[in-house]
Amino acid sequence: MILLVILIILIVLVASNIKIVPQAHAYVVERLGAFHQVWDVGLHIAIPVVDKIAKKIVMKELVADFPPQPVITKDNVTMQIDTVIYLQVTDPKLYTYGVDNPMRAIENLTATTLRNIIGELELDQTLTSRDIINSKMRLILDEATDPWGIKINRVELKNIMPPAEIQDSMEKQMKAERERREKILQAEGEKRSAILVAEGKKESAILAAEADKEAKIKIAEGEAEAIRIVQAAKAEGIKMLNESNPIDSVLSLKSFETFEKVADGKATKIIIPSDIQNLAGTIAALKETVSK
C-alpha cells in the first residue's frame, strides 16, 4: 500500500514536470537558482524541485504603444508625441537577465531619445521630418537594447500634437495657402484661355489671308491663261496668214478691219492713214468685179 502511494506520488511529480513549449515561445530554465538552459519548441522534462522555469518568453514580434510624451522643440514649443515600437526578442537569456522589466526600460529609453532628437529640431522640421526621426530613434534604440536581447525592427511617431494655439495658427496658414493656390490656378486658367482665344484669332486671320492670296493667284493665273490663249490664237492667225501668201488687197482689208475695231473705241480723234483712204476705191473695185 505504501509502495502504491509512493508510485502515485512519483507519477504525479513526473507528470507535473513534463512541459510542452508551444510555437514561437521559449522557456528560460534555472537549476538550483542558476541559469541552466533555454527550452525551445517541443517536449521537455524538468527535474522536480531542482529545475524551475524562470521566464516564459514570446518570440514573436511585439508591438509596444507608449502613451504621449511631452517634448520641447528647439524653438521652445511644447508638444505631445506618442510612439509605437515594433520589437522582437532575439536572446531569451539576455532578455531575462539583462534588465529588470525590459518593456518599462524601453519606454523610458524611448522618451529620453525622443526628447533629445526633437530638442534639435524646430516645430516645422518636427512636423515634416517624421521619417528622419523614426530612423534615428530606431538606430539608437536598437543599439541600446542589444545587451537586453531585443531587436528594434521599427519605430513610428503615431501622433504629433502641438498646442491648441499652434494648431489654430497652422490651420489658418493652410487655409490661406489653399486660397492662394486657388487664385493662382484661376489666374493661370484665365491667362491660358486668353492665349487660346488670341491664337485662334491669329490662326483665323492667317487662314483668311492665305485664302485671299490663293484666290487672287487663281484669278491672276486665269487671266494670264486667257491672255496666253488669245495671243496664241493671234499668233496662229498671223502664221496662217503668212503661210497663205496674201495679196495686197487682202492685207489692206485686214487693215480696214483693224481700223474698224479702233473706231469702235472711245477715242475722239482718229487719224486715218493714206493707205486706208485708197482702200475704199479698192473695195469698190472688188465689189464691182464680184458683181460681174
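Predicted model: local features only at pLDDT ≥ 70, side-chain atom pairs only at ≥ 80, totals over all residues.
Residues are numbered from 1 along each chain as its sequence is written, and side-chain values use heavy atoms, without hydrogens or water. Local features need pLDDT of at least 70 and side-chain atom pairs pLDDT 80 or more, while totals for chains, interfaces and linings use all residues.

**Stop one: asparagine 17**

Select asparagine 17. It sits in the loop between helix H1 (2-16) and strand E1 (18-21). Helices (H or I, at least four residues) and strands (E, at least two) are DSSP runs, numbered from the N terminus. Is asparagine 17 buried or exposed? It counts as buried, because its relative accessibility is 12%. Buried means under 20% relative accessible area, exposed over 50%, partly exposed in between (1.4 Å probe, protein chains only).

Contact means heavy atoms within 4.5 Å. The C-alpha atoms of asparagine 17 and histidine 44 are 8.3 Å apart.

**Stop two: aspartate 51**

Go to strand E5 (residues 51-58), where aspartate 51 is found. Aspartate 51 counts as buried, at 9% relative accessibility. Show Val29, Glu30, Arg31 and Ala46: aspartate 51 is in contact with them, again leaving aside neighbours within four places in sequence.

**Stop three: the rings**

The whole structure holds 1 aromatic pair. Select phenylalanine 35 and tyrosine 97: their ring centres are 6.0 Å apart and their planes at 80°, so the pair is edge-to-face. Rings of Phe, Tyr and Trp (its six-membered ring) pair if their centres lie within 6.5 Å; planes under 30 degrees apart count as stacked, over 60 as edge-to-face, the rest as tilted.
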